Amino acid sequence: MKTTTTTAIKTTTTKERFTSIVDKICYLDECPIISSDRYTGNEGDSFVYPIGSHEYSRGNVCIDNTSYEHGLEGWIARWNYKNESSWAYSVFNLDSQYKSLSGKCKLIKSYNTEDFNTTLEFWNDETLIQKYKLTPDTIPFDINLDVTDCNNLKIYFYDNQSKSGGTSFGLVDMKLSSSSNASLNTYESSDAHSIPYISDISASSQLSSQIYDEETYNYSAQNIIDNDITTCWSEGADGNGIGESITLSFNKTYEISELCLWNGLCTSEDLYYKNSRPRKITVVLSDGNSYDFECSDGWDNRKNTFSFNNETKTSSMTIIIKSVYEGNKYQDTCISEISVS
């Protein structure tokens with residue numbers, strides 16, 4: 001039975017050549033650390049530090065045998081071969097001098113590189129910029145973030161599940177730039193996407209959390225931007241959710257060209273067909289303009305890409321369910337992931 005809740009959760013011109021000269025660029029590991037903290041269980045030596053600089057560093061060689069001079073190492077210690085959850089963070093002072101941060105997340109050779117479930121978050125003081133789910137299947141991936149007006153950047157790793165053996169994550173070649181070269185899409189790895197710097201995400205309704213095999217599953221709006229297509233937002237209205245909607249609000253106005261939508265519950269093929277999937281949707285932008293799209297159906301067609309007109313600009317996007325492909329067991333209509341470029 002559904003329970004409804006509302007959530008808020010080229011040719012280079014003279015000007016271009018001049019801009020490239022005056023751009024301020026540096027590596028993130030060159031910025032000062034102003035605070036840090038860590039899990040203190042067991043030996044408690046987890047850390048987020050410039051790569052290779054900590055006394056307990058695992059080094060600068062990744063599991064693909066590439067090595068890096070610049071970057072950060074997130075060492076998540078889990079000692080004594082016992083299952084435990086660990087965490088660590090550091091705060092870097094950017095002094096609001098930069099607009100974009102780009103680099104790559106990779107695995108550094110360490111004890112456990114095959115069985116972990118960890119989250120990486122980037123914070124601008126008290127505002128979450130972006131989070132990534134880190135599993136063996138999602139790494140490596142590219143990072144491109146908007147850090148405009150970011151004074152203090154917090155980089156926070158924490159385990160979602162208790163595991164044995166420490167893991168070293170490398171944020172390599174992380175470059176800060178005073179030019180805005182971060183795009184709306186920041187991540188594409190293992191069939192997942194994300195959108196950075198969302199100031200708010202809300203849904204007209206959501207399905208209440210469910211417990212299966214002693215595990216709790218939630219269906220919140222945040223799931224469509226968690227870089228994990230095995231989670232989803234599910235509307236919580238009666239019936240198939242016709243008229244229900246989800247809204248993304250960006251931190252500023254962006255020029256957009258495409259919407260990518262992973263249709264249905266993509267945890268498994270079985271659950272995909274058991275639950276309903278949007279068929280026709282209407283996308284409403286901040287200027288009031290709307291676009292009607294029809295999603296394809298089928299497990300092999302669950303990724304849908306839709307195009308907007310040239311020079312379409314918006315500071316928000318509302319996706320409204322107009323019709324559905326009905327599930328063969330449940331009425332709940334699901335969307336697993338969304339990205340905009």
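**View 1. Ser96 in its loop.** Ser96 is partly exposed, with a relative accessible area of 38%, where buried means under 20% relative accessible area, exposed over 50%, and partly exposed in between (1.4 Å probe, protein chains only). Ser96 lies in the loop between S6 and S7; helices (H or I, at least four residues) and strands (E, at least two) are DSSP runs, numbered from the N terminus. Although Ser96 is not a glycine, its phi is positive, at about 55 degrees. The model shown here is predicted, so that local features need pLDDT of at least 70 and side-chain atom pairs count only at pLDDT 80 or more, while totals for chains, interfaces and linings use all residues. Residues are numbered from 1 along each chain as its sequence is written, and side-chain values use heavy atoms, with hydrogens and water left out.

**View 2. Asn65, another residue with a positive phi.** Asn65 is found in the loop between strand S4 (47-50) and S5, and its phi is near 70 degrees, a positive value in a residue other than glycine. With a relative accessible area of 55%, Asn65 counts as exposed.

View 3. Pro140 sits in the loop between S9 and S10 and is partly exposed, because its relative accessibility is 47%. Although Pro140 and Leu171 are 31 residues apart along the chain, their C-alpha atoms are separated by 9.9 Å.

View 4. Asp29 belongs to the loop between strand S2 (25-27) and strand S3 (33-38). Asp29 is buried yet has no salt bridge, and the nearest side chain of opposite charge, Lys175, is 10 Å away. A salt bridge is a side-chain nitrogen of Lys or Arg within 4 Å of a carboxyl oxygen of Asp or Glu; for charge, Lys and Arg count as positive and Asp and Glu as negative, while His and the chain ends are not counted. The side chains of Asp29 and His70 are joined by a polar contact of 3.0 Å (a pair of N or O atoms within 3.5 Å; within protein, one must be able to donate a hydrogen and the other to accept it, and residues adjacent in sequence count only if both atoms are side-chain atoms).

**View 5. The largest nonpolar core.** This core has 32 residues, and those with the most contacts inside it are Leu28, Leu94, Phe122, Leu134, Ile155 and Leu171. A nonpolar core is a set of buried Ala, Val, Leu, Ile, Met, Phe, Trp, Tyr and Cys residues joined through side-chain atoms within 4.5 Å. S12 gives the most to this core, with four residues. Apart from it lies another core, of 28 residues, among them Ala221, Ile246, Leu285 and Val340.

**View 6. Strand S20 and its partners.** Strand S17 (residues 245-263) pairs with strand S20 (residues 303-325) in the antiparallel sense over 13 bridges, where two strands pair if DSSP finds at least two bridges between them. Strand S18 (residues 277-285) also runs antiparallel to S20, and eight bridges join them. Thr318 in S20 is the bridge partner of Thr247, and Thr318 is likewise the bridge partner of Val284.
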